[in-house]
Amino acid sequence: MTDRCLLAVESSCDDTSAAVLRGESELLGHIIATQDMHAEYGGVVPEVASRAQLRVIDGVVSTALAEADMTLAAIDEFAVTAGPGLIGSLLVGLNWVKGAAYARRRPLVGVHHMEAHLFATTLEDERAQPPFVALLVSGGHTLLLHVEEWGRYHLLGQTRDDAAGEAFDKVARLMGLGYPGGPAIERMARDGDATRHPFPVPMIRGDSGPDDDDYYDMSFSGLKTAVLLRVRELEESGRLEEEIPHLAAAFQQAALGQLVEKTLRAVQASGCQRVVLGGGVARNRALADGLGGRLGPKVTLFVPSPRLATDNAAMVARAARFHLDRGERADLELNARADLPMPGIVRNGASP
Amino acid sequence: MRTLGPSALSEPQLVAWGERIGASAEPPLWMSLNGPLGAGKSVLARAVCRGAGVTGHIPSPSFTLVQSYRSRRGFTIHHVDLYRLRPGDPIEPLGWDDLMDGSGFVLLEWANRAGGQQPEDRWEVEIDYHDRADRRTVEVRRLGAAPELIEW
């Protein structure tokens, strides 16, 4: 059972990734196109360019297989991200894997991208098991979940407008910092004084409770606009450049403060003693430090390494392992969906 | 009436106007939304969706580029955001042809990045910052045979 080899492909957004997983956690090969094959393919895979993914996918898969010292013929099972994401990008990975699974007559399963993020950390630390509170924060998603057990997820809160990573990118652009915005703001914020231009932490009115809609939900759009108004003021008075580090620090404090506060609420209500981070924003050290400092000694925080925090096929393989072991199989009707609903979601379930 | 504004609207006024559009404008309606980051394009788009009876979360489409909803009035609303596109990026992967053929609403943020690839019949909505921080300057132009404008 556990020594079966699984090939997984992830192509939901800009990156193209393939992984070979043996058993539950033995990662034999793992390639992420933007990071590993940058030179070979001459630059970052452009946004919305599923054609570029089409160009690299053969190379990504064969390199992952070579790293695992395997051929396609030795793969026992196949998995692929079926959504959510950019439909053109998703289809590249989905059709590749479907074709391979069909040609080899091997089992196939489709994986939900955000569910895969829940599994990422277990590849590095097997203690990151349910029950836990999960905060998944990336350029496209901001989800707060209570993971009661694998396959059973209480959706506590999500963003009402911009995703957390999107807010970092857009605010970085307002301040004239680089892309991606998260690392740029984090770097700039280290030299800044967050108290010089304090922004209110969104969505944390003190009199709301777990039954209120806004108790766990998040919002970043108003904060983005507040930063923009401050930027314009400072621009007019000619002080913008010198104030950028302070603005970055203040924005980061408010944005992360919201994530920390909401996560603490979820920990308190669920009684969970583990918190798992996932998604690109999980690479922000200030988030891990801020959260770690507030969780108390009884709660363990699990933060994936940068490589497993961002989009990757290893986490897709790990999530697929779970679904395959439950006997789930996709047939050739499997299709990609840009708005694929997450499996196992229990809505409005604040407590178990 | 071919134009509305420019007028200085508060956020509640912008939202109320959007909700009225959602509840009463006749499809097909293509709304091109332009204006700087944080001006309120998404606020307006969300209000139109709500007015048409979309329930549940209406997340930013910046990442997925297109979010589609079924309105309670029976038609589809495509909420599209071209923010992440750069000049020259192909837009066919968005299902652009389907949007163009649509019989419902298309709410297109950062519409100027679509260049000339928009239908003749549309509303052009410009939202910009106003001297007062809690107001926005809003201006609408009705092009071609787009539905009649709705007053704020």
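The model is predicted, so local features need pLDDT of at least 70 and side-chain atom pairs count only at pLDDT 80 or more, while totals for chains, interfaces and linings use all residues. Residues are numbered from 1 along each chain as its sequence is written, chains are lettered from A and ligands numbered from 1 in the order in which they are written, and side-chain values use heavy atoms, with hydrogens and water left out.

I begin with chain A. Chain A has 12 helices and 11 strands; helices (H or I, at least four residues) and strands (E, at least two) are DSSP runs, numbered from the N terminus. Its C-alpha atoms fill a box of roughly 65 × 50 × 35 Å along the principal axes. Of its 352 residues, 59% count as buried, where buried means under 20% relative accessible area, exposed over 50% and partly exposed in between, with a 1.4 Å probe and protein chains only. Among contacts (heavy atoms within 4.5 Å) between residues of chain A at least 6 apart in sequence, 73% join residues at least 24 apart.

I turn now to chain B. Why is helix H2(B) described as largely enclosed by the rest of the structure? Eight of the 11 residues of this helix, residues 41-51, are buried, and therefore the description applies. Among the buried residues are Leu44(B), Arg46(B), Val48(B) and Cys49(B). The cover over the buried residues of H2(B) includes helix H1 (11-24) and strand E6 (122-129) of chain B. Just after H2(B), Gly53(B) adopts a positive phi of about 95 degrees.
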